[in-house]
Amino acid sequence: MTALPPPSAKKLGLVIDLDTCVGCHACVTACKGWNDQGYGVPLSDQNAYGSEPSGTFLNRVHSFEVQPDQGPAQVINFPRSCLHCDNAPCVTVCPTGASYKRAEDGIVLVNEDACIGCGLCAWACPYGARELDQAAGVMKKCTLCVDRIYNENLPEEDRQPACVRTCPSGARHFGDLGDPDSDVSKLVAERGGYDLMPEMDTKPVNKYLPPRPKGAVEDEVDILAPLLDVKTTGFAGWLDRILEKI
């Protein structure tokens, strides 16, 4: 089995804002595209257009309809990928040492040369963040685009995970969550960021920002209200006054 290194001072990870994620799947597409040409063996698809399509994705987005105690129902878009846990069960269960956690930045990776595709890490992960690439015969997972974030051949603004770089709504943030003064740590503190399934004691590095409560329907601003207010101004009011003269 693989031993975990001592907790690292530097903890690179993601902060995902559930309030601003629109479920567009741009992060999924960017992740798939980059990892088809970047890290490791390209992510394969098997029978992509058949009756039982299957493929390997390192990042997925799920959508849920929830009903708060107060206010209208909401649709919550929930991105899911590896959380790079401090107490990563996928690492300690690996029989060959293929799964490991880097001591220098806390990123959890897979050494594909040592992976035998046994799937124990997938069974151990409570978040469903590991997938078997059937074509390559090895386990795959989010790498935080380790081949991008340290790549000095890329412009500095591109040295972040592909999913973060492409997110059109700014819902994904990347940085050092071990530094309390980093932008991501401040964001977590300000918005009450939380761990996913803390009862599992995996101590995930990635954090989620909760959706902001939505107001009641009658409190929402209606941008068409001025045009529909026949008592004051607006097109409808003007038309009403004209029709009164006929």
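Which residue's backbone oxygen lies 3.1 Å from a polar atom of the side chain of Lys101? Select Lys101 and follow its side chain: the oxygen belongs to the backbone of His84. Keep in mind that this is a predicted model.

**Stop 1: around Lys101**

Stay on Lys101 and colour strand β6, residues 99-101, where this lysine sits. With a relative accessible area of 9%, Lys101 falls under the 20% cut-off, so the residue counts as buried. Now show its surroundings. Leaving out residues up to four places away in sequence, Lys101 touches Leu4, Pro5, His84, Cys85, Asp86, Val91, Gly106, Ile107 and Val108.

**Stop 2: the charges**

Pick Asp86 from that list. Asp86 makes a salt bridge with Lys101, with the closest N and O atoms 3.9 Å apart. Asp86 is in the loop between β5 and α2 while Lys101 is in strand β6, so this pair ties together parts that are 15 residues apart in sequence.

With Lys11, Asp86 and Lys101 all on screen, you have a network of salt bridges.

Buried or exposed: how does Lys11 count at 17% relative accessibility? Lys11 counts as buried. Asp86, at 23%, counts as partly exposed.

Next, select Arg102 and Asp105. Their side chains meet in a salt bridge, 2.8 Å from N to O. Asp105 counts as buried at 0% relative accessibility, and Arg102 counts as buried at 17%. The count for the model comes to 12 salt bridges.

**Stop 3: Thr92**

Move to helix α2, residues 89-92, and click on Thr92. A polar atom of the Thr92 side chain lies 3.3 Å from the backbone oxygen of Pro89. Thr92 counts as partly exposed, at 34% relative accessibility.

**Stop 4: a three-stranded sheet**

Switch to cartoon view and select β10, β1 and β11, which in that order make an open sheet with mixed pairing. At the edges stand β10 (172-176) and β11 (207-209), each with a single partner strand, so one side of each has no neighbour in the sheet. From one strand to the next, the twist averages 25 degrees.

Zoom in on β1 (residues 12-17) and β11: they run parallel and are joined by three bridges. To find one of the pairings, select Val15, whose bridge partner in β11 is Lys207.

**Stop 5: the helix on the sheet**

Bring in helix α6, residues 183-191, which packs on the sheet and touches β1, β10 and β11. Its direction makes about 120 degrees with that of β10.

Which residues of α6 are buried? Show Val184, Ser185, Leu187, Val188 and Arg191. Look down the helix axis: these buried residues fall within an arc of 160 degrees, so they line one face of α6. What covers them includes β1, β10 and β11. Turn to the other side of α6 and you will find Asp183, Ala189 and Glu190 exposed.

Notes:
Residues are numbered from 1 along each chain as its sequence is written. This is a predicted model: local features need pLDDT of at least 70, side-chain atom pairs count only at pLDDT 80 or more; totals for chains, interfaces and linings use all residues. Side-chain values use heavy atoms; hydrogens and water are left out. Helices (H or I, at least four residues) and strands (E, at least two) are DSSP runs, numbered from the N terminus. Buried means under 20% relative accessible area, exposed over 50%, partly exposed in between (1.4 Å probe, protein chains only). A polar contact is a pair of N or O atoms within 3.5 Å; within protein, one must be able to donate a hydrogen and the other to accept it, and residues adjacent in sequence count only if both atoms are side-chain atoms. Contact means heavy atoms within 4.5 Å. Two strands pair if DSSP finds at least two bridges between them. Axes are lines fitted to C-alpha atoms, for helices over the stretch in contact, and angles run from 0 to 180 degrees between N-to-C directions. The arc is that of the directions from the helix axis to the C-beta atoms. A salt bridge is a side-chain nitrogen of Lys or Arg within 4 Å of a carboxyl oxygen of Asp or Glu.
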